[in-house]
Amino acid sequence: MSDALSPMDRSSLVGEAGPVNMTIGSLVFIERGSGVDYDAICQRFRERIHLVPRCRQRLDEGRTGLSNAVWVDDENFDVEWHIRSSALPAPGGRAELLRQVGNEMSRRLDRSRPLWELHLIEGSADGRLALLIKMHHALVDGSSALGIGMVVLDLGPEAEAVEPVPTTEEERPGLLARQARRFTLKPLSKAQALVVEGTSRVLETSPIIAAADLREAGQVLRELLRSREPAVATPFNHTISANRSYECTSAPLDLLKAISTATGHTINDVLLTIVSGMVAEYLDAAGVDPASLEREPTTLVPVSIRREGDVGGNRISVVIVELPVSEPDPLQRIAMISGRMDELKSASGVMAGAIFVVAGGMAPPLLSPALTTVLSVGIDFPSHNLVVSNVPGPTAPLYLNGSRVLEMYPIVPLNPSDQGLNVGAFSYDGTVYFGFHADRELDPPVERARQAFENSLAALAAAAGVPS
């Protein structure tokens, strides 16, 4: 059994050149239990991996390389090669864990095997287990990202029943779609229902149509970028190394909602305002006066734009927004961000370049690196300074073999090669989890960016009169 690569598959593989690593990651913390040891997790995959056949396929580049590459079944597939166990060195604290995450995210996935890995990390001083999930961008095109989650996690403490392994080739197509529809029979939260129902629509969408949408959007948005001035030089825009570092933090979703209500602006505006404050403080720590920059730093942001008459899903586009780093007042800063976003979302060029995404109306984590790859073609100057990816997730807890998933932090790839820092946000079970993926040569280091983010959040909450 073989499948042709989609244009997006191919672009993400071609884009993985030099220091660019197109591996998407997630750092997940899980409570301890009998069902989350190494053997139990391997068994879970053996029982369910047939739901996502791509997870058992590898690239076959033949003699002509990626130009005629296909996905083929890996006859030597061994789940125990992809699921690995390790222990943190003493004392097993935060520093040891994040160093290991950075080390693993520095290493590319082996293209001779299916392009995913799951690392079970033990030895944490607080007693929790950590899972580091690594997937290549080419693997998580379309339905596969959600499908892999369905393989691992359940919507409750009891294990979900799944369809058995198909016995014929004819049974394989549509298996995951049927499984997704079966999940919709359970009482789900709104966010979970969007994810599950959206899976069916993704699976029934032609890859050719999706690729055509991406190309069309890329052409329009590239023309918009050509009319812009290059992004201003900052300490986090340089040719990156092959090595990565990682930091993370979290905030209650209710806190962000309270700030949104108090200021009268959207949660996305709140996030961008926090990032603006982070960038301002980081620049100052790097010895750069934000007010001295000839232009404001910019961020690439996915936005959802629903058109009149659209049925299901959303139109997803990207905009490049200037961050008001020289404005010291957080309330003035959020008003400026909100006005700029409203103006950008109403622009005809953005509407024309919108991409139809049917994954429950949500922009998946892979959206930003995918678009960055497409947009970089034909652009010979830096178009933006960093990427901010904000993805809503389930509002109720998930479980792995009966153990509750406690925290979920995103890891967004650095792409293109002059992007030394990205910010990912993922909401889960009442909390928003933030991941800061950076070039290890970043100076000041990524820890300083995380500290600046936390300080900016506290300052915005105080200015809005919201207890944090």
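The model is predicted, with local features requiring pLDDT of at least 70, side-chain atom pairs counting only at pLDDT 80 or more, and totals for chains, interfaces and linings using all residues. Residues are numbered from 1 along each chain as its sequence is written, and side-chain values use heavy atoms, with hydrogens and water left out.

Six aromatic pairs were found in a search of the whole structure (ring centres of Phe, Tyr or Trp, the last by its six-membered ring, within 6.5 Å; planes under 30 degrees apart are stacked, over 60 edge-to-face, the rest tilted). Phe 29 and Tyr 409 form an edge-to-face pair, because their ring planes stand at 90°, with centres 6.1 Å apart. The pair joins distant parts of the chain, 380 residues apart: Phe 29 lies in strand E2 and Tyr 409 in strand E14 (strands, E, are DSSP runs of at least two residues, numbered from the N terminus). Phe 29 is buried at 6% relative accessibility (buried means under 20% relative accessible area, exposed over 50%, partly exposed in between, with a 1.4 Å probe and protein chains only). Tyr 409 is likewise buried, at 6%. Together with Tyr 433, Phe 29 and Tyr 409 make up one aromatic cluster.

Turning to the threonine, Thr 299 belongs to strand E9, residues 298-304. Its relative accessibility is 0%, so Thr 299 counts as buried. Beyond neighbours within four places in sequence, the contacts of Thr 299 include Leu 272, Val 319 and His 384 (contact means heavy atoms within 4.5 Å).

Notes: Helices (H or I, at least four residues) and strands (E, at least two) are DSSP runs, numbered from the N terminus.
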